[in-house]
2 protein chains.
Amino acid sequence: VTPAEGGPTADARAAGLRKLLLDEGLDALIATSEAGIAYLSGFHGLQLERLFAVVVRPEGGALVVPRLDEESARAAPTELERVVYDPTSDGLPALLGVLDGARRVGVEEAHLSFARARGLMDAGLELVAAGELTMRLRAPKDAEEVELITSACRLVEEALEEMFGRLRPGDVERVVNAEVEHHLRRAGATEVHPLILFGPNAARPHAEPGDRVLHPGDVVCADVSARLGGYWGDLTRCGTVGPASDWSRDAWGVVRDAQAAAIAAALAGAEARAVDAAQRRVIEAVPRLGSCLHGAGHAIGLEVHEPPFLVPASDARLAEGTVLTIEPGIYREGVGGIRLEDDVLVGEREPRVLSRLPLELREVPVEGTNA
Amino acid sequence: VTPAEGGPTADARAAGLRKLLLDEGLDALIATSEAGIAYLSGFHGLQLERLFAVVVRPEGGALVVPRLDEESARAAPTELERVVYDPTSDGLPALLGVLDGARRVGVEEAHLSFARARGLMDAGLELVAAGELTMRLRAPKDAEEVELITSACRLVEEALEEMFGRLRPGDVERVVNAEVEHHLRRAGATEVHPLILFGPNAARPHAEPGDRVLHPGDVVCADVSARLGGYWGDLTRCGTVGPASDWSRDAWGVVRDAQAAAIAAALAGAEARAVDAAQRRVIEAVPRLGSCLHGAGHAIGLEVHEPPFLVPASDARLAEGTVLTIEPGIYREGVGGIRLEDDVLVGEREPRVLSRLPLELREVPVEGTNA
């Protein structure tokens with residue numbers, strides 16, 4: 001898989017951003033997030049505490065990196081100037097040098113730290129929250145990006161199939177997560193987030209996998225995301241150990257209906273909160289089964305969680321070409337959780353589901369163990 | 001392994017912070033980083049785009065979390081009030097509610113986003129960069145924290161031993177990294193960063209492991225960090241496939257001397273930059289062998305990279321009880337890199353090396369393969 005960023009692609013994106021700068025009356029935009037930098041320059045750096053930035057100005061711009069990353073930055077497929085700072089500096093003077101003459105500057109407000117923002121403001125810059133500007137470009141995925149997300153989905157699908165095929169009572173939650181991560185890493189994933197939870201642990205969508213042993217009667221909620229060729233896929237499937245209980249079967253039916261309703265609502269021009277409302281309505285109609293603890297999903301691409309977020313508080317509208325996770329869930333404390341997640345391309349006329357795992361509640365055999 | 005955070009520990013830390021608030025004339029401190037929150041409350045959350053915060057005020061304070069994490073927050077071993085906000089909110093109103101009546105408020109300036117900082121300032125708060133305040137408490141590790149870091153080191157040591165024991169020509173860089181990660185995850189690590197690089201790839205300390213196959217004559221630079229029981233260990237050992245070349249042997253000797261010099265300088269009250277200068281002097285004395293591309297190391301604890309950073313630009317002094325990575329390296333483009341990293345407790349009279357892998361350049365057998 002070839003990363004989509006870079007070369008003519010990254011330069012075309014920077015050019016697209018330049019047009020937006022003029023529209024918004026900005027003298028420059030500073031991207032500091034890993035995804036923003038990758039999108040505009042094709043450069044992937046390991047940031048840690050060091051400053052990395054892409055500056056795009058109406059004419060030109062620069063990729064600013066510490067000396068340690070000079071070679072990788074030079075190899076990046078971008079026409080942007082490279083500005084390299086030494087370990088004696090925190091990088092701000094280099095960044096300010098690139099911004100010389102600028103006054104009104106857009107920043108990624110959800111990423112830029114207060115410390116760096118203050119450094120820029122103290123130098124006389126007026127900072128404008130402009131995360132939405134780059135997301136306006138990043139939200140609609142081109143054909144190559146859709147292909148990369150689809151490839152990441154295929155990899156996750158294969159890992160989920162393999163995991164459910166092997167899973168047996170006696171397996172340890174933490175070890176099962178490690179096996180899935182290992183499988184995905186070996187297959188080339190550069191980042192992996194497995195979140196496979198057993199029984200009551202699955203009632204908390206953000207529980208940490210632990211020493212819980214799988215028992216007959218448990219639900220298994222398997223949410224797995226992986227990054228391949230720069231782009232993420234993020235899918236969830238559930239199962240039961242032995243035949244589904246009444247609760248599991250009913251919860252599964254409700255979640256499947258909720259997902260279908262939310263997918264149908266994922267149309268270009270729709271409100272993000274309308275997609276959420278579509279699933280929420282279905283889940284909240286059956287409070288005896290459990291609670292609706294989160295929104296319908298989020299956009300996905302260079303980041304596993306990108307805006308727009310499909311939540312009641314959002315006032316975003318969906319752009320054609322955005323890829324969304326649609327992942328309603330229902331959770332009952334002490335019992336478990338059932339979630340169903342696919343990755344969906346927002347179309348003008350109809351949504352296209354990129355992932356293709358069967359819509360089924362898996363049944364893990366009660367017989368046999370992996371011990 | 002039992003996490004050190006929580007219970008009387010977290011509450012005692014919050015009490016320690018209250019004293020500092022009075023000294024600094026602050027009405028409150030807001031911790032927003034995962035490590036800051038864990039340190040002061042014992043709560044570990046999966047943050048993503050949602051706001052999490054610990055607020056400490058001269059009397060009381062609160063743990064602010066989204067509804068999704070309510071149960072985990074209630075289970076956290078802290079006396080802080082819990083404030084939970086609904087999915088219709090971005091969390092700022094809840095945070096401002098906890099800050100009612102405060103004016104001068106400390107923040108973790110390297111973590112708090114510009115967007116959230118602006119939200120707080122627009123509500124009339126004066127924000128003061130106070131990351132140093134919590135780090136003043138976090139830097140000196142107590143006995144339990146030192147034990148946890150040591151346990152994490154033991155786990156990494158075992159994984160490195162296992163990896164070097166199995167490594168053979170024909171192994172693929174990406175797969176070797178996946179195996180080490182898998183090993184550590186199975187053993188209970190909650191986060192793992194393996195960075196094992198072969199041959200010329202090792203010349204770039206931040207290269208991404210890829211499809212490179214291990215060849216006779218390659219150097220192997222294996223930097224592995226893992227989090228266990230909340231705390232990190234971070235170690236690097238190197239080897240050669242077959243007997244060491246003149247370059248490898250000479251580079252290894254220089255790096256070993258540089259590490260010894262830097263460890264000797266890691267005394268309470270010393271300047272962080274003096275520890276760096278001690279290794280830099282040794283490495284830069286032999287430019288024919290390669291370049292000194294990074295500082296001597298960094299503190300380690302709840303975060304794998306904590307301040308102080310052992311770099312020329314630092315004006316920090318080392319507190320007794322701080323745990324540092326000491327990791328000089330020498331890098332030659334096209335050839336490889338040799339780095340040596342141990343975790344060292346800063347003592348008043350002498351440093352104590354917590355890790356205990358032998359100081360040796362490993363030799364990987366040329367014979368045999370894992371294929």
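At 2% relative accessibility, A:F52 counts as buried. This value comes from a predicted model, as do the others reported here. A:F43 is buried too, with a relative accessible area of 3%. The two residues form an aromatic pair. A pair of aromatic rings is described by the distance of the centres and the angle of the planes. For A:F43 and A:F52, the centres lie 6.0 Å apart and the planes make an angle of 20°. The pair is classed as stacked because planes under 30 degrees apart fall in that class.

Chain B holds an aromatic pair as well, formed by B:F43 and B:F52. Its rings are stacked, with 6.0 Å from centre to centre and 20° between the planes. Both B:F43 and B:F52 are buried. Over all chains, the structure holds two aromatic pairs.

The size of an interface is often given as the accessible area lost when the parts come together. Chain A and chain B bury about 4,100 Å² between them. Of this area, 61% is on carbon and sulfur atoms. On the chain B side, the most area is lost by B:L68, B:F114 and B:H206. Together these residues make up 17% of what that side buries. The contact involves 45 residues of chain A and 45 residues of chain B.

Six salt bridges are counted between chain B and chain A. One of them joins the side chains of B:R185 and A:E181, at 2.9 Å from N to O.

Several elements of chain B supply at least two residues each to the side that touches chain A. They are α3 (70-75), α5 (114-122), β6 (126-129) and α8 (173-186). The most comes from α8(B), which gives eight residues. By type, the residues on this side of chain B divide into 21 nonpolar, 14 charged and ten polar.

A loop of chain B was also examined. B:G269 sits between α9 (246-265) and α10 (272-284). At 36% relative accessibility, B:G269 is partly exposed. This class applies because the value lies between the cut-offs of 20% and 50%. Beyond its neighbours within four places in sequence, B:G269 is in contact with B:R317 and B:L318.

Conventions. Residues numbered from 1 in each chain as written. Chains lettered and ligands numbered in written order. Predicted model: local features only at pLDDT ≥ 70, side-chain atom pairs only at ≥ 80, totals over all residues. Heavy atoms only, no water. Contact = heavy atoms within 4.5 Å. Buried area = accessible area lost by both parts, 1.4 Å probe. Salt bridge = Lys/Arg side-chain N within 4 Å of Asp/Glu carboxyl O. Helix = DSSP H or I, 4+ residues; strand = E, 2+ residues; numbered from the N terminus. Nonpolar A, V, L, I, M, F, W, Y, C, P; charged D, E, K, R; others polar. Phe/Tyr/Trp six-rings, centres within 6.5 Å; stacked < 30°, edge-to-face > 60°. Buried < 20%, exposed > 50% of the residue type's maximum accessible area, 1.4 Å probe, protein only.
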